[in-house]
Structures are given as C-alpha cells and as structure tokens.
Amino acid sequence: MSTETKPDIDIDRSVGDFRYEMDYAFDAGVGLTEATIDYISDVKGDPDWVRAFRKEGYRKFLEKPMPTHWATKDLESIVFENIRYYLSQGQVPKRTWDEVPDDIKRTFERLGIPEQERKFLSGVEAQFDSEAAYSNIKAAVGEQGVIFVGSSEGLKEHPEIFKKWFGKVIPSGDNKFSALNSAVFSGGSFIYVPPGVKVKHPLQAYFRINAQNFGQFERTLIIVDEGAELTYMEGCTAPKFETATLHSAVVELVAMKGAKIQYITVQNWSSNVFNLVTKRGIAHEDAEVKWIDCNIGSRLTMKYPGVVMKGKGARGEVVSIALAGDGQHQDTGAKMIHAADNTTSNIISKSISLGTGRATYRGMVHVPKHLKGCKNNTECDALLINSHSRTDTYPAISVRGQGNAVQHEASVSQISAEQIFYMQQRGLSEAAAMSLAVNGFVNDLVQQFPMEYSVELKRLIDLEMEGSVG
Amino acid sequence: MSITTTSPAETGNSTNWPEWFSNDQNGAWELFQSLPQPKRNDEPWRFANLKALDLSDFHLAVPIQDAASLITRSLAHTNLAAKLIFANEVLIHNDQSGLPSGVLLLPLEEAAKNHEELFRKSFMTSDVRLGSKKFAALHRAHLRSGAFVYVPQGVVIEQPIEIWHWVEGENATIFPHTLIVLEEGASATVVDHFVSSRDERSLAIAVNDLTVGTNAKLHYVGVQEWSDKATAFHINTTEVEKEGVSTALQMNLGGAYVRGESDSHLLGEGSRSVMLSINPATGNREIDQRTFQDHFAPRATSDLLYHNALADSSRTIFAGLIKVEEHAHETDAYQKVRNLMLSDEAEANSMPGLEILADNVRCTHGATSGELNEDELFYMMARGIGPKQAAQLIVRGFFGTVLERLENEELQAHLGEILDKKLSTSE
C-alpha cells in the first residue's frame, strides 16, 4: 500500500456552506467589556442574579490564563477583541414555522429541520446566532409535563428548577471558556422531564452560526427527574467565513435517581470554527448519563464530555468518534469522576487522522479514597491514514485505595495493506477500499447513533475520505 | 555548605577536574540559578508533591570516616567483572581484575582529563526534557566523581560490572553519575547500587548516560535502596544506535520521595530499548516516574513495563510518552503500567501517552489498577498459607514477571534475592 498519498483533501461542506445577509435588530458590537455584558443583560431582560452571575463569569474569564501549558498553541489565534458576542433579531422564539423570518426559515429548510421534525422528533429548537429562532414541542410530549424551551425562557419561566441546577454541574470558573460562556451565554435549551416520563422520540436542537466573526455561546441545562428517560440530539453547522469563528457552549445534565439521559452530538462546523465546549453530567443513584459525541468539522475542537457519578450504582459512558482532516485538530476525550460506590464508567474513543489532520484523546478517570466496587474501562483506538497525519493519546488515571478495577488500553494502527489488496483484487478502487475499511473501523460505534444520524455519518465519512488516497 | 546557595567556585571541587570542565560547572550553576522551581501547573510535575522539591536545607556531603565497613557491606553478586565503590562521592574501592583488556573503567574526573574527546561526546549531551532540567544542572555544577565505562568495538564482558554509591550524613547530598559507552558490537552488564549507610534523611541527584552503539548490547540495572527518609532524583538518558539493544531496569526499594526520569532515544534503524521498573511502595513513599520512548528511526522497537505494588499510604505517579517522529515508519512501541493496590490509603496516578507522527506503526499502551486476586488468595489459604504470606507471594509473582524480561538468568536470580529480602522486611 502506498503511504505517500495526496495530502490535499477536498472536504464537501456544501450542505452548510451558505449564509444570508441579515439585519440584526440587536447587536452587542465587537469586543468584550462590562458594557457588552450589560447590553446583553438589558436586551434579554435578565433578572439581577443572572446579571451578577455574568459579571462573575467575566471576572473569572479575565483571571484565567489560556490553558496552553497543556493545550495547543493554536488557541492563541483567537482574538477575543474581534469577536461579536451577541446578535439577534429578537428574543422570543417562534412557535410555528410560518412565523419564522424568511431568511432564517430558508436556512433551516435548506438544512432539512422542519422535515426532520415531522418525521420523528418530539420537539425541535433551532438557534440562529445568539437566540433560538424556532422552538416547538409536540403536544403529546408537552402534555406529559416535559418542558423544552430556550435557556432564557427557562430561567424566567421556571426559576425554581432552573436556579437549583444552573452552574452547579459546571461552575463558571471550571475553565477559561466556561467562564466566558457564563459571561455572555445566550440561547441553548432548557429541558425538564418529570418523574417516570420516558420521552419516546428524541428532542433535537440545531445550532447555526450565520454572521462572520460571531461567537456562539449557548447554554443548555437538562434535568431528567427520577426514573425518567430522555434522548437529546444536537447538530451544528456554519458557513465558511474568511476569519475564524468561536463556538463555546456549556452543557449541564442532571440525571436524578434511576434516570437515563442520552446526549448525541454531530458536530460539523466549517473548518475555521474554534469549537471549545464544556459538557458534564451528574448521575445520581442508579442513573445513567451517556454522551455520544461525533466530531467531524471545526478547525480546533476541545471537548471532553464528563460524568460525575454521584450516587451509588450510577453509570457514565462516553462514545466518541473523531475525524480529523486536513488542517483540523480534534482534541476530544472524556472525564469520569467516580464519587460513590459501585459506579461504572466506560469510554470508547475512535479517531481517524487523515491528510495533515491531528486527533488527540485526553481522558481523566478519577477514583477517590474509600470507594468500593468502582469500575472503569477505557479503550482508545486511532487510525492513521497518511504519513502527515498525527494522533496523540493523553489519559490521566488516579485511583486511591483497593477494591476498584480500572483499565485503560489504547492502540494506534493503520489500515492493513492486505485488506486493501484483498478488496482491490475484487474490483474495488483503492479509494473505495479505503473508505470501506475506515467505515469498518468505526462501524460498531456508528451503530449506536439513531438511524438517521448513522446514515448521515457514513455519508460524511465517505465524503471526507474522497481523494485521500492517490 | 548548602547545595542551593554554594557555588562550585566555593566548594574547592575544581581541583578535581580539568579547567574546561570547571568552567562547564560554573555555567551549569548559572543555569541552575536561572531556571524556575517547578510549579503546580507545570505539566511534567502534574500530581507531584512539590514540597519535596525544596532542597534548601541539604548540604554537600563530606568524606566519610569508616570506609572499611561500607566495603564489607557492599555485598556483591558472586561473579563480577569489576567493582567500584563510591562513598559520599569518593572512590573507596576499585577492583577491575575481571575486565577484558581495552575496557576503560575510570572515575569520571580521570576520564575527563585523559579521554576528553570520549567524555565530551557522551557526558550529559541530551537535553533533560522530562522536568528535572534544573536539578540536572545542579548535578552538573556540583559533580565530584562517578563511573566512566567504555567498552571498545566488539568487546564482550560476560560478568556484570557493579558500581556502589553510598551516602552518609544527616541532610547530606551526593551526585552519583554513571556514564556507559558501548562501541559497535560491544556487550556489557552494569549494576548500579544506591544505598544509605544509615537511616538518615539525605538527597541524591543521580544521572546516568547510556550510549549503545551499532549492534551493541547493554543490560543496565539500578538498584535503589536509599533510606526511607531520603529524597532522590534518578535522571536517565539512553541512546541506541542501529540494531543495538538496551535493557534497563530500575528497582525502587527505598526513599521518601523518588523522582525517576527515563528518556530513551531510538536513533538507529532496528534499535531496541526495553524499559523496566519494579516499585514496591510502602509507608508514605512517593514514586514519581516520567518516561519517554522517542522513535527517530524506522523499524525500531521500544517496550516499557512498570509494575507498582502500593501498600500503606504510598503514592505512585507514572507519566509515559511514546513519540513516533516523522519518518520513523514501522515502529513497534509498547507501554504498560500496572498498579496493584494493597491498601485503602494508597494512590496510583497513571498518564500513559502517545504522540504518533508517522504512519504504518504499531503502538499500544495500557494502564491498569486492581487489587489482589481473591481466587489466588483463596487457593493459597486453602493450602495452609497465611493471608499475609499469600499476599506477599502474589506481589513477588507480580514483580517476577518484570524480572523475567532480563535476558540473564544469573542476574535475575540475584535481583530476585534482593527483592525477597526487601519484601520480607517491609511487612
């Protein structure tokens, strides 16, 4: 098999690569100062405690250094003064598709959102730059007491549930970017599922960046009460701009006793988006939090979904697929914090690096003192396609005391020449054989996605592989 | 004389060395002073107990009084090619009757004087890049002696060379150094023993440079038996040329805070580096090990196996990196750390890492933490073995799998005895 392959890969992002000229009614301007935060709070009509929370976040953001002592120096390319922190046409999302402004409607229709909703979703929220443009939940689901609204609406309409958990799973000072999000957050979902309610079909959110130099900072809080179940899916796209764009979300999940949350992300930002996201869930007794995370787009993604297993018998799981193409760096992983007896966590990560792409796995597994019966299993497999590709694995595992079992395994390999040769003998082109082999590598994980997504994923992987062998 | 405030010019040490090396020591002293003390957020010191790095109350060791008793206590492996004994960095015993001709076994200062070119070519030539650059500079600034082993082309030394480094005195500091050069096709086994003469608090900043030439074969063992109050740094650099093989084992049997850094450079095609470590951690001991398997050439192999058994309130840190540089195609690299947890108060931290910049490679790493196998314990207890002894047998077996990787049965047996003695006294 030739190892010297064509490094330039033409990635097809035509699905998301379009934008409309918008007249934004609300624009916080360029750069970030206290005045920007006041502007956002004024426009959104924040209660005082939220304004104070934002200011505290801003202070922490200024205090915290860039984490370049362990993360890539590419973070230094983000120019915070050049970013626009808030842009919207209005703060109240539309409930019916007809009310959505034409340009925004066209955007989401091109991306197939209303169609998807009709097909199989329980509810959809679509965020356009800073605010949700559209939010709808099926009547039957609403009647069960499920709340699915934007985060701004959530904090105003349901303060008793919202305030209890907001910023508790991920404190604003967790890292520089969660602090930034706390200062300027806007949009994102708030979901509450009452005890015992099993939401049959997934809820979905769709995130769209339309404006150049814009930073999207959505904030999602999901609370699934005792014995309830929820699947949530999010997708992200942006057109390709001349300059870099920043997406920095915070997602907090709370699974009460015996609850189950499955959170699925398919990230396909255009290749100049810095995607720096903090995601963490708390799993109470016998609860389960599962992150299914697929990263295909962006210039740099840094995202390590975590689960704090706070109650006995809680389970945490991260399933991660990353595809790093030319010029991309997918820095992904998982954090598992065991905080009670008999908690179990599982991390499966598969990454593919092609062209000049770089895939990094960072993991943290923590078993503190005096716990019994905790188990963690971590498997990381990396596939390198070209000689210029790069892959890294940096796990950190801390175990205190006996009575727990923790194991980590990682391997790096390439597609075997025999496999390719075998397929070529049977009439497949080298590129087709390669694509098939890559799909085989991730297939067992792709199957964990809902069908619509797994079909889409396979198609995306095929597209990315096109022209990767010469 | 405090080691952190006394300059080399004030120690009178320069009379030992040629002038060029004294100048070199002054430069190292300046470097030591200019480099910052490790801080909490420094990645190479993640999880480490930074309090142990305050070296301000250690002083330079003074010559010992009773050399004879230390010579008797340097119990040797039965068949030796040579034996050197240093006590507080003074050579007190030198027997090289079993060495083949052409081999150089000298105190370092003599090598610097009479074999300057050889010395310069391999003495601390690589950048110290796993965190202890500051402490390596201090070593270089205050170095008084050490062992220089040079094996010329094609010479095979059948029996081991044993080098003893004794420290004596409360808060005394020594800077042990072993420099080994194997020329093309040469072969040697070198065992370094690091020992405290009494149960005292002391400091050792030890450095070894291992250079393994084309087709050469080196076995290197460091048996560390500092007192349980000691602080120690063991900084290693290994360079392996084409088809050369280096097998290095670190046994950490003593110390309060032990920092080990092992940096292997696979420079030649088909070279091989085996990195092993045996760490029975007891009491409050902290064993902090950082390793690097750096593949510069194609078709090289590196294989790391570290076993930690953690009793009492001990702590271990393992941070290892396999790096496959561009063009180092067809690399085979393995890294495995296993933690056997014997106590509820013990803590094991593992950070196995991979950075792969070439393709067509086979790299795996693994880290496990687990406890004594209940079935094995039950099996032995059912046959009348007490629980304590059964646990000890399992731990011995756990370390045995590392010892077996040495391709020298006599050495295996000898080290096994040292280990048995340690395990049976640490109950």
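This is a predicted model: local features need pLDDT of at least 70, side-chain atom pairs count only at pLDDT 80 or more; totals for chains, interfaces and linings use all residues.
Biologist: In what sense do strand 23 of chain A and strand 20 of chain B pair, and over how many bridges?

Modeller: Strand 23 of chain A and strand 20 of chain B, residues 347-356, pair in the antiparallel sense. The pairing extends over 7 bridges.

Biologist: How many residues of each chain are in contact?

Modeller: There are 34 residues of chain A in contact with 34 residues of chain B. On the side of chain A that touches chain B, the elements giving two or more residues are strand 23 (390-400) and strand 24 (405-413) of chain A.

Biologist: Which element provides the largest share of that side of chain A?

Modeller: Strand 23 of chain A does, with 11 residues. By class, the side of chain A that touches chain B divides into 11 nonpolar, 18 polar and 5 charged residues.

Biologist: Staying with strand 23 of chain A, how many of its residues are buried?

Modeller: Of its 11 residues, 10 are buried, so strand 23 of chain A is largely enclosed by the rest of the structure.

Biologist: And within chain A, what does strand 21 join, and do the two run parallel or antiparallel?

Modeller: Strand 21 of chain A, residues 358-367, is joined to strand 23 of chain A by 10 bridges, and these strands run parallel. V365(A) stands opposite I397(A), which lies in strand 23 of chain A.

Biologist: Let us step back to chain A as a whole. How many helices and strands does it have?

Modeller: The secondary structure of chain A comes to 11 helices and 24 strands. Chain A has 470 residues, and 56% of them are buried. Among contacts in chain A with a separation of 6 or more, 83% are between residues 24 or more positions apart.

Biologist: Now to the helices. At what angle do helix 9 and helix 10 of chain A pack?

Modeller: Helix 9 (residues 417-425) and helix 10 (residues 430-446) of chain A pack at an angle of about 125°, with their axes 9 Å apart. That angle makes helix 9 of chain A oblique to helix 10 of chain A. Their crossing is right-handed.

Biologist: Which residues meet there?

Modeller: From helix 9 of chain A come Q419(A), I420(A), M423(A) and Q424(A), and they meet E430(A), A433(A), M434(A), L436(A) and A437(A) of helix 10 of chain A. The residues of this contact divide into 6 nonpolar, 2 polar and 1 charged.

Biologist: Over in chain B, at what angle do helix 7 and helix 8 pack?

Modeller: Helix 7 (residues 374-382) and helix 8 (residues 387-403) of chain B pack at about 130°, and their axes are 9 Å apart. Helix 7 of chain B is therefore oblique to helix 8 of chain B. The crossing of these two helices is right-handed.

Biologist: Which residues meet in that pair?

Modeller: E376(B), L377(B), M380(B) and M381(B) of helix 7 of chain B meet P387(B), A390(B), A391(B), L393(B) and I394(B) of helix 8 of chain B. This contact has 8 nonpolar residues, no polar residues and 1 charged residue.

Definitions and conventions
Residues are numbered from 1 along each chain as its sequence is written. Chains are lettered from A and ligands numbered from 1 in the order in which they are written. Axes are lines fitted to C-alpha atoms, for helices over the stretch in contact, and angles run from 0 to 180 degrees between N-to-C directions. Helices (H or I, at least four residues) and strands (E, at least two) are DSSP runs, numbered from the N terminus. Angles under 35 degrees count as roughly parallel, over 145 as roughly antiparallel, 65 to 115 as roughly perpendicular and the rest as oblique. A crossing is left-handed if the near helix is turned anticlockwise from the far one by less than a right angle, and right-handed if clockwise. Two residues are in contact if their C-beta atoms, placed from the backbone, lie within 7 Å. Ala, Val, Leu, Ile, Met, Phe, Trp, Tyr, Cys and Pro count as nonpolar, Asp, Glu, Lys and Arg as charged, and the others, Gly among them, as polar. Two strands pair if DSSP finds at least two bridges between them. A residue is buried if 20 or more other C-beta atoms lie within 10 Å of its own, exposed if 12 or fewer, and partly exposed in between; C-beta atoms are placed from the backbone.
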